[in-house]
Amino acid sequence: MVVLHVPQPFLGSLTSPNWKSVADAGGAAKAAHCTDQYVYGNQGQDILDVHAGCMLTHARPANERVGCTARYMPSRDACTSTPSVPTLPSRSTIMGNIVPSVVWVGLIGLSVSAWHYALGNNILPEGTPDVNLGPAASTFIAQTSAVLSLLLVFRTNASYGRWDEARKMWGLLLNRSRDIVRMGMTMIPDDEPEIKRALAKWTYATAISLRIHFQPGEFALEDFLKDTLTAREIKSLEDAPHRPVRAIHTLSQVVMNSKMDSIEKTTLGTNITQFHDILGGCERLLRAPIPVSYTRHTARFLFIWLTLLPIAIYPNVGDFTAPIVVAIAAVLCGVEEIGVQCEEPFGILPLEVICGRVKADVMKTLEDDLSVKQTLIEAGCGPREPAAGKYVSASSSATSNGRPSWVVSQESVKAQ
C-alpha cells in the first residue's frame with residue numbers, strides 16, 4: 001500500500017508539487033517529485049498516476065482510489081507482475097470525488113461577494129484600490145466556453161470508448177466460452193467424459209484467471225475455483241508467471257488430448273485463440289491510458305475557468321454568485337470525473353458477474369449434454385457410436401436395460 005500525503009491544494013500541485021510517497025513495511029518506496037505526476041510504490045510494483053483529474057487533491061483510502069485523485073497503473077515490468085487496478089466500487093463515487101473541487105469554487109464565489117459587499121459599504125481600509133476584474137474575466141469566460149466544452153466532450157468520448165471496448169471484449173469472452181463448450185460437447189467422443197469435463201472447467205478457470213488478472217484486489221484463485229479444479233491444479237495455476245496464459249495453454253492441451261479429428265481440433269483451437277486476443281486487447285487498454293498531457297491540460301483549463309467564473313458573473317447575479325457557481329462546478333467537474341472513471345474500465349466493469357454467467361452456462365451445457373442426446377435418440381437422430389464411427393438407432397445401441405450404450409459412459413459426467 002502507498003500512502004500519499006498532500007500538503008497543498010491543487011493549484012500548488014500544478015506549479016511546484018512536493019508530494020511524498022511513504023510505503024509501509026514491505027520495502028522502501030521510490031519517492032519521486034510529481035512534476036510528471038507519477039509516484040512509484042513499493043519496489044516499483046505499483047505506479048500511482050496522480051493526474052490532474054480534480055480541482056483539489058486529497059488523500060484517500062487505498063480501497064477508494066477510483067477516480068481523480070489516484071488511479072492504479074500497471075507495473076513497470078509487464079512480463080512478471082500483475083497489473084493493479086482499483087477495487088470495484090459498490091456505489092457511485094462521482095459526487096464524493098468532486099466535493100473538494102466544488103467547495104473550492106464555492107469559496108471563491110463567497111470571497112468575490114464579500115469583497116464587493118465590503119467595497120460598496122466602505123468597510124475596507126482607506127486607500128484600498130478598486131480593481132474591477134469583471135470585464136476581463138467575462139471576456140475570458142465568453143471566449144473559452146466553447147473550447148472547454150469541446151475538451152470535456154472529447155475527454156468523455158475517449159474514456160467511454162475505452163470502457164465500451166473493454167465491455168465488448170468481455171462480452172466476446174462470454175460468447176466464446178459458451179461456444180467452446182458447446183462445440184466440445186458435440187465433437188468430443190462420448191467415451192471421453194473426462195475430456196469434456198476438463199474442457200468445461202478450464203474454460204471457466206480461464207475466465208476467472210482473466211478476471212483476477214485485471215481486478216486483483218483481495219481475491220484469490222482458490223476462492224473461485226476450489227469447487228472446480230483440484231488443489232494441485234489450483235496450485236499450478238497460482239504459481240504460473242502469467243495465469244491467463246497458463247489457463248489458455250491448459251485448455252488447448254485438453255483439446256489436443258482428445259480423440260477428435262484434426263479439423264475439429266482446429267475449429268476449437270480457433271475459438272480458444274480468441275481468448276488470447278481478448279487478453280491482449282484488455283492489457284492494451286490497461287497499459288496504454290489516454291495521454292496524461294491531454295488529461296492535465298483539460299483539468300488545468302477547467303480549474304482556471306471555474307476560478308474566474310465568479311468574478312465574471314457577479315455583476316449580473318450579485319449575491320447569488322456562490323450558489324450558481326457551485327451548481328455549475330458540480331456539473332462540469334462531474335462530467336470530468338465520469339471521464340476519469342471510465343478511462344480505467346476494469347475499475348468499474350462487473351467482471352465477477354460475467355464470470356458467474358460463464359460458470360453457469362458452461363456447467364449447464366456440460367450437465368445437459370446427456371439429456372440433449374437422449375432427446376435426439378427419441379427423435380430418431382441417434383449420436384455417432386464412438387468405437388464404430390457410425391450413426392446408430394436407439395434400439396440397435398441399447399443395453400439390456402433399454403438405454404443406449406453411450407449413455408452409460410456419459411452418466412459419470414452428470415454425476416461429477
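Visitor: How do the axes of helix H3 and helix H11 cross, roughly parallel or roughly antiparallel?
Guide: In this predicted model, the axes of H3 (residues 134-187) and H11 (residues 351-378) come within 10 Å and cross at roughly 15°, where axes are lines fitted to C-alpha atoms, for helices over the stretch in contact, and angles run from 0 to 180 degrees between N-to-C directions. Helices (H or I, at least four residues) and strands (E, at least two) are DSSP runs numbered from the N terminus. Angles under 35 degrees count as roughly parallel, over 145 as roughly antiparallel, 65 to 115 as roughly perpendicular and the rest as oblique, so H3 and H11 are roughly parallel.

Visitor: How do the residues of the contact of H3 with H11 divide into nonpolar, polar and charged?
Guide: Contact means heavy atoms within 4.5 Å, and among the residues of H3 that meet H11 are Trp170, Leu174 and Arg178, with Ile354, Val358 and Asp361 among those on the H11 side. Ala, Val, Leu, Ile, Met, Phe, Trp, Tyr, Cys and Pro count as nonpolar, Asp, Glu, Lys and Arg as charged, and the others, Gly among them, as polar. The contact of H3 with H11 divides into 10 nonpolar, two polar and six charged residues.

Visitor: At what angle does helix H4 pack with H11, and what is their relative direction?
Guide: The contact includes Ala200, Tyr204 and Phe214 of H4, together with Val362 and Leu366 of H11, and its residues divide into 11 nonpolar, one polar and eight charged. The axes of H4 (residues 193-214) and H11 lie 9 Å apart at an angle of about 175°, and the two helices are therefore roughly antiparallel.

Visitor: At what angle do H9 and H10 cross?
Guide: Leu302, Trp305 and Leu306 are among the residues of H9 that meet H10, where Ile328 and Leu332 are included, and the contact divides into 15 nonpolar, three polar and two charged residues. The axes of H9 and H10 (residues 321-343) come within 9 Å and cross at roughly 165°.

Visitor: Which parts does the pair of Phe140 and Phe301 tie together?
Guide: Rings of Phe, Tyr and Trp (its six-membered ring) pair if their centres lie within 6.5 Å, with planes under 30 degrees apart stacked, over 60 edge-to-face and the rest tilted, and by this rule there are four aromatic pairs. The centres of Phe140 and Phe301 are 6.4 Å apart and their planes at 80°, so this pair is edge-to-face. The pair ties together parts 161 residues apart in sequence, because Phe140 lies in helix H3 and Phe301 in helix H9 (residues 292-317).

Visitor: Which element has the highest mean pLDDT?
Guide: Residues are numbered from 1 along each chain as its sequence is written, and side-chain values use heavy atoms, with hydrogens and water left out. The chain has a mean pLDDT of 74, and pLDDT stays under 50 over residues 1-88 and residues 386-416. Among the elements, strand E3 (residues 38-40) has the lowest mean, 29, and the highest, 95, belongs to helix H7 (residues 243-256).

Terms used:
This is a predicted model: local features need pLDDT of at least 70, side-chain atom pairs count only at pLDDT 80 or more; totals for chains, interfaces and linings use all residues. pLDDT is the predictor's confidence in each residue, from 0 to 100.
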